[in-house]
Amino acid sequence: MEKMNFVIVGYGGMGGYHARELIGENDYVQTYGVYDIKEERREQARKDGFQTYDTLNDVLADDDVEAILIATPNNSHHEIAIKSLRAGKHVVCEKPVTMSVAELDDILAVAETTQRQFMVHQNRRWDNDFLIVREWYQQQMLGEVFQIESRVHGANGIPGDWRHLKEYGGGMLLDWGVHLLDQLLFLVDQPIKRVYSDLSYVLGDEVDDGFTAWLTFGNGVKAHVEVGTSNFVKLPRWYVKGYSGTGQINDWDLSGKIIVPNETTERVAPTPIKAGQGLTKTMAPPSEEMTKELPILEVEADFPEFYRNFYEVVHQNATPVVKNDEVRQVLVLIDAIFESAMTGKIIEMN
Ligand code: NAD
């Protein structure tokens, strides 16, 4: 089998990671070359052992290049994707795919006309913490799930340069927000009915440095999504409630627990505890016999699936693991989150 030749466009943090590890270590694709707008990054790519191109046109004119991976700042994805598709290349694009739904629609129209494949790198669908929550949800390990809280908290502010600027598609909603929203839509697999949100600007940037969004899905599941960059104490990565259990995953180290009622024990009234300056039965912990703790599960992510699938989409007409209409739904949701934060209103989705 001949590997698919990829050229990486944008050799920064993520481009380098694709070149060396994601594409670099995959059996179906290979890093054929690199193009970056900056000579210093091209020089770095050569030091890392890759051939480089001086212009995007040189890449697109090379018939040995079958596909492009776009890992440039967010505002440039649209133009590079369209040029690449028109030149007959298949394209994998970093998230967020574009700055607007209209830009994505432009790209998809060109992909349709040129009959080239376009797929977005929603890699966090393969995160182990997410795969565990997906198992809880699908196997009803907590009973039917009705509330999901998904958070990422950091205390380092917004990293890098362009992520602080609106023009480049900076801000955390377009950064981590895209991952968390994509995961939730993929998990619940229902249309969103209602959105309410608030963006945070504690760092004083022109773009949001975090946000909170409250979502209601068509099946009634409610989600609370939160990204923060000035959180010196983190809240858990996942907190999930079902009608017969609660699950928590603390962090990417996959520590956490599931607590479910112990069905073999008869229910006894809780003993009141002293809490602060009062007594409470309501908030007293359940007796040890009344509940049991389960391990959170172990999963093994098949991440090479992403590029293997892309190869099979191009060469064997396989179904994409990341579908463009799923990616489009995330952009529609992001628009609603921006609108709710700006107007202070709940957005009803059609
Ligand atoms: P970065 O700033 O580290 O790298 C961007 C590179 O693109 C730079 O080397 C820059 O010189 C180059 N560049 C800029 N404009 C260009 C152009 N027109 N043509 C060619 N090269 C150009 O940024 P990054 O952190 O690597 O992010 C790049 C993309 O990857 C963004 O869309 C980001 O959202 C995405 N990303 C995804 C993940 C993920 O987990 N999927 C993680 C990080 C970043």
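**Exercise 1.** In which loop is the place of glutamine 115? Determine also whether this residue is buried or exposed.

*Solution.* The model is a predicted one, in which local features need pLDDT of at least 70 and side-chain atom pairs count only at pLDDT 80 or more, while totals for chains, interfaces and linings use all residues. Residues are numbered from 1 along each chain as its sequence is written, and side-chain values use heavy atoms, with hydrogens and water left out.

Step 1. Helices (H or I, at least four residues) and strands (E, at least two) are DSSP runs, numbered from the N terminus. Glutamine 115 is located in the loop between α5 and β5 (118–120).

Step 2. Buried means under 20% relative accessible area, exposed over 50%, and partly exposed in between (1.4 Å probe, protein chains only). Glutamine 115 has 54% relative accessibility and therefore counts as exposed.

Step 3. Its phi is near 55°, a positive value in a residue other than glycine. Most residues other than glycine have a negative phi.

**Exercise 2.** Describe how helix α4 and helix α5 are arranged.

*Solution.* Step 1. Axes are lines fitted to C-alpha atoms, for helices over the stretch in contact, and angles run from 0 to 180 degrees between N-to-C directions. The axes of α4 (residues 77–86) and α5 (residues 101–114) come within 9 Å and cross at roughly 5°.

Step 1. Angles under 35 degrees count as roughly parallel, over 145 as roughly antiparallel, 65 to 115 as roughly perpendicular and the rest as oblique. The helix α4 is therefore roughly parallel to α5.

Step 2. Contact means heavy atoms within 4.5 Å. Residues of α4 including His77, Ala81 and Leu85 meet residues of α5, among them Glu103, Ile107 and Val110.

**Exercise 3.** Where is asparagine 74 placed, and which residues does it touch, not counting residues up to four places away in sequence?

*Solution.* Step 1. Asparagine 74 belongs to the loop between β3 (67–70) and α4.

Step 1. With 6% relative accessibility, asparagine 74 counts as buried.

Step 2. Not counting residues up to four places away in sequence, asparagine 74 touches Lys95, Pro96, Met99, Trp162, Tyr168, Gly169 and Leu174.

Step 3. Proline 96 lies in the loop between β4 (90–93) and α5.
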